[in-house]
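Here's a quick look at how this model is put together.

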Amino acid sequence: IKQDRQQIDQVLNYWFGQASPDGAQKSLWMIASSSVELLDQVDAEIADTFRSLILNLSSNIGDDNVDMVSLDKGKLQRWTENVEIFGWQGKMAAIIALDQMSRHIHRHDKKHQDKCIQFIPKQQ
């Protein structure tokens with residue numbers, strides 16, 4: 001529980017605690033495409049800091065390239081279902097990590113993008 005709490009706080013502090021909402025929007029959340037250097041820097045920082053956490057949170061999806069033995073398959077469930085312990089923060093941290101931070105990590109990863117496309121339902 002202690003490690004989960006620390007990781008939840010780490011995600012939330014990184015995403016919301018670095019700057020005012022206006023500053024974070026420009027330097028983290030919605031970086032202008034013309035700011036390639038800043039975008040690459042933020043992508044690398046998030047990948048270095050949060051990649052293994054995101055793999056653990058998404059381990060129920062499965063990935064042939066990941067050592068499944070080292071993954072914590074119950075982390076996502078603990079964060080999102082133990083409201084008495086983690087409150088809304090567990091759910092918010094999981095959403096940020098899996099949705100927003102994973103976009104920073106996989107922005108330039110064509111193989112990952114192709115893999116995600118297979119989960120999009122085809123229009124009939």
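## The core

In this predicted model, the largest nonpolar core holds 23 residues. A nonpolar core here is a set of buried Ala, Val, Leu, Ile, Met, Phe, Trp, Tyr and Cys residues joined through side-chain atoms within 4.5 Å, with buried meaning under 20% relative accessible area using a 1.4 Å probe on protein chains only. Val 11, Tyr 14, Trp 15, Ile 46, Phe 50, Trp 79 and Met 101 have the most contacts inside it.

Trp 79 is worth a click: skipping neighbours within four places in sequence, its contacts (heavy atoms within 4.5 Å) include Asp 4, Ile 8, Leu 57 and Phe 86.

## Helix 1 against helix 3

The axes of helix 1 (residues 2–16) and helix 3 (residues 36–57) come within 11 Å and cross at roughly 165°. Axes are lines fitted to C-alpha atoms over the stretch in contact, with angles from 0 to 180 degrees between N-to-C directions. The pair is therefore roughly antiparallel (over 145 degrees; under 35 is roughly parallel, 65 to 115 roughly perpendicular, the rest oblique).

Gln 7, Gln 10, Val 11, Tyr 14 and Trp 15 of helix 1 meet Val 42, Glu 45, Ile 46, Thr 49, Phe 50 and Leu 53 of helix 3. By type, that contact has seven nonpolar, three polar and one charged residue; Ala, Val, Leu, Ile, Met, Phe, Trp, Tyr, Cys and Pro count as nonpolar, Asp, Glu, Lys and Arg as charged, and the others, Gly among them, as polar.

## Helix 1 against helix 5

For helix 1 and helix 5, the axes come within 9 Å and cross at roughly 60°, which makes helix 1 oblique to helix 5. Among the residues in this contact are Ile 8 and Leu 12 from helix 1, plus Phe 86, Ala 93 and Ile 96 from helix 5.

## The whole chain

Overall there are six helices and zero strands, taken as DSSP runs numbered from the N terminus (helices H or I, at least four residues; strands E, at least two). Of the 124 residues, 30% count as buried.

Residues are numbered from 1 along each chain as its sequence is written, and side-chain values use heavy atoms, leaving out hydrogens and water. As this is a predicted model, local features need pLDDT of at least 70 and side-chain atom pairs count only at pLDDT 80 or more, while totals for chains, interfaces and linings use all residues.

Notes
Buried < 20%, exposed > 50% of the residue type's maximum accessible area, 1.4 Å probe, protein only.
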